[in-house]
Amino acid sequence: MKNFLQPLLRAFLPAVLLACVSPRAAAAPPPPPLPASEPKNVAATAESVGPLLLRDESVEQVLALLERWTGKTILRPQALPGATITLTLRGSITKDEAIRALETLLSLNGIAITPLDDKFLKVTPLALAKSEAPELIDGSTLSLPASGRIVSKVFQLNFLRVSEFMPQVAGLLNPGTGSPPVIFEKANAALVTDSLSNLQRIETLVARLDQPLLAGLTPKFYQLHFAKASDVVNKMRTVLSGALQSQLGSATTYNADDRTNQIVLVADARQQPFFDDLITRLDVKSDPNTRNEVIYLKHAAAKDVASILSQLVSGQNNATKNSGQADASRLTGLPVGAPGSPAPGPAPAATVVPVAGLNLALEPSNQFSALLSVLPEERTNSIVVSGTVDDIRLIRELVDKIDILLAQVRIEVVIAEVALSDNATSGISALGLTITGDKLTGFSGNAAGIAVTNGVLTPGVVGAGPVDLAAQISLATSPRKSHANILSVPNIITTHNKEGHIFVGEQRPIISNFLNSGSAGAGNTGNNPNAFSSNVTYKDIGIDLKVKPLIGVDGSVQLEIKQEVNDILGNINIGGNDQPRIGRRSTESFVSVRSGEIIVLGGLQRTSQSRNTNRLGPIPILGDLLGARSREKTRTDLVFFLRPTVLTNTAADNSTALRQVEAFPKDQREQVKKVLTPTPPSGK
């Protein structure tokens, strides 16, 4: 009999279990056939269930099944989220696996199962599970089978900051649990309540990410032999800036130790070959970054050249700085200096991408560096330059263009005093000269070997050279010699933009400061010479001529001319001292001529009165009988003749002087020639 019932129980036991679950489950259609690989008859034990088929079962039916399998009483509120449960277990599984499946299905439908003790289970909406003291797992969750059961766990972080890590993890949690993790910032820990499977994922992330920052980093020390450690590190920061720095990683650092002249690198071991190559190429023997150079000048003054170069360097550096600010302004749309605009500073360095065979050599620069300084050394007429190689190269190129021999000009001057008649308006008109634009263009005359027609000189001998200006003026004024008196015939030789000065006259003492120290008491008239003191200065009385030429490359000459004439008009008594009354006449002119043309300037006129009487003239009637008295009023005009001649630095420049020497008396002429052309010593 026993052998007969055992096969029947094995055949009908699954149907009996389904009938015990619910009427709907028993009435449900049989499950689809099992795959061919699975056995059709699975032996059921006391710890296994299945096959099982649930179709749209209510929460109450599922809780009843869960209560039967766990052997615990379920405590639940009156209202739970409404849901229908569907589950298919095709084979035999353990009771624990079936319980985990039901707990997960209920969690997916917003219902949480919370163990209370060994006899009871609490069933609550998922949003309230956190406040119902779910199971707190003390150890690791990774050893537990994954399920949707709601549990809690405290995560203690060692290296990560809980306030930064947990907000990022909150997005991985089930939103139905109601609230984010509870953070205990002082303990650097957080309490997380969620399904067991989610807590396992968080625990895996913590184990992977909660590592020391220096994990995988190793230090390396580079001993430098030629370069300074801090200089190399600064160069590396420039090269490894921008996008390249992010590729190296934020944990990679390199710093200089100037005490031992080492570079300390903390980086991943895989990055060390890159730094090995870079530091080796930078630590090479090279010339100093700056050097000093002395540039000797041949023609220009050291002080003037140094001033020009300093202004040029300063202007270029300011222009570069302003250009960088303007570029930043265009990028931000804000004017330089406006609120929110970039702070003034150098333009950002370009990003450098490392390539195989990195070459740090730069092309010669056409801009001055901030290290350049230029100082004049007047004792040797040189400039001292300190800067980079490119700085000194640029300064030498500029000095070669500035330190050149300037053009020179000889200015012949004839100062003539012309007596004016009542009808004459100026000395030029009194001499009958034709002036066009301050230039002498028309006069006629003849002299020995010279013929002049309308201001054009024709030498009697071909190749005789230019005619002396004084002779030419004498020739021009010869028809009216009674009206003209040549006062001085000086010559000036000066260079481009350098003032030449001529003074013809005398110096007279003039009391500039007078102090009477005598008292006005009885018997003191103040005439005691020991009772006063005075300071005396000397005043130039005469003709003062200043000429500054500007010589053009085409042979033109622009002259800035300042004329001043001081005359003694009489005396005036000041404090018992006769002081001269000085008449002052001055003009300033700026004219342009060609080399060899004659300039005529006049208009410095003077009017003087004279009276002639005999000895008895002042006595009325008797003076008239013995002699007549006369009064005479005269007008004079100073006329300046100037002829600039641009010198060519050849023997032709001496022709005028040699011709003047030929006009000397024979004895003087021979002495001058002997000095100018000395006889070489014998045997040479």
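Glu378 sits in the loop between E16 and E17. The model described here is predicted. At 55% relative accessibility, Glu378 counts as exposed, because the cut-off for exposed is over 50%. Glu378 and Ala302 are separated by 76 residues in sequence, yet their C-alpha atoms are 5.9 Å apart in space.

The loop holds another residue of interest. Asn381 is also placed between strand E16 (373-377) and strand E17 (382-387). Its phi is positive, about 50 degrees, although Asn381 is not a glycine. Most residues other than glycine have a negative phi. Asn381 is partly exposed, with a relative accessible area of 24%.

Where else does a residue other than glycine have a positive phi? Asn497 is such a case, with phi near 60 degrees. Asn497 belongs to the loop between strand E25 (491-495) and strand E26 (500-516). With 44% relative accessibility, Asn497 counts as partly exposed.

### A nonpolar surface patch

Which residues form a nonpolar patch on the surface? They are Val294, Tyr296, Leu375 and Val384. Together they present about 380 Å² of accessible area. Val294 is part of strand E15, which spans residues 291-296. Val294 has a relative accessible area of 39% and is partly exposed. That value passes the patch criterion, because patches are made of residues with over 30% relative accessible area and no salt bridge.

### Salt bridges

How many salt bridges does a search of the whole structure find? The total is 15. Side chains of opposite charge can pair when their charged atoms come close. Three of these pairs are set out below.

| Glu103 | Arg149 | 3.9 Å |

Glu103, Glu135 and Arg149 are linked in a network of salt bridges. Take the Glu103 side of that network. Glu103 forms a salt bridge with Arg149, at 3.9 Å between the closest N and O atoms. This pair links distant parts of the chain, 46 residues apart. Glu103 is in helix H4 (residues 95-108). Arg149 is in the loop between strand E8 (135-137) and strand E9 (150-156). Both Glu103 and Arg149 are buried.

Glu135 counts as partly exposed, at 31%. The first assignment follows because buried means under 20% relative accessible area.

Glu506 is partly exposed, with a relative accessible area of 39%. Arg508 is partly exposed too, with 31%.

Two packed helices are described by the angle between their axes and the distance between the axes. Helix H4, the element that carries Glu103, takes part in one such crossing. The axes of helix H3 (residues 59-70) and H4 come within 10 Å and cross at roughly 150 degrees. H3 is therefore roughly antiparallel to H4, because angles over 145 degrees count as roughly antiparallel. The crossing of H3 and H4 is left-handed.

What is the relation between H7 and H9? Helix H7 covers residues 229-239, and helix H9 covers residues 272-282. Their axes come within 11 Å and cross at roughly 125 degrees. H7 and H9 are therefore oblique to each other. This crossing of H7 and H9 is right-handed.

### A buried strand residue

Is Ala189 buried or exposed? Ala189 counts as buried, at 4% relative accessibility. Ala189 is in strand E11, residues 189-195. From C-alpha to C-alpha, Ala189 and Asn158 are 8.9 Å apart in space. In sequence, Ala189 and Asn158 are 31 residues apart.

Conventions. Residues numbered from 1 in each chain as written. Predicted model: local features only at pLDDT ≥ 70, side-chain atom pairs only at ≥ 80, totals over all residues. Heavy atoms only, no water. Patch = residues over 30% accessible without salt bridge, like charges linked within 9 Å, V, L, I, M, F, W, Y side chains within 5 Å. Areas by Shrake-Rupley, 256 points an atom, 1.4 Å probe, with all protein chains shown as cover. Salt bridge = Lys/Arg side-chain N within 4 Å of Asp/Glu carboxyl O. Helix = DSSP H or I, 4+ residues; strand = E, 2+ residues; numbered from the N terminus. Buried < 20%, exposed > 50% of the residue type's maximum accessible area, 1.4 Å probe, protein only. Axes fitted to C-alpha atoms, helices over the stretch in contact; angles between N-to-C directions. Parallel < 35°, antiparallel > 145°, perpendicular 65-115°, else oblique. Left-handed = near helix turned anticlockwise from the far one by under 90°.
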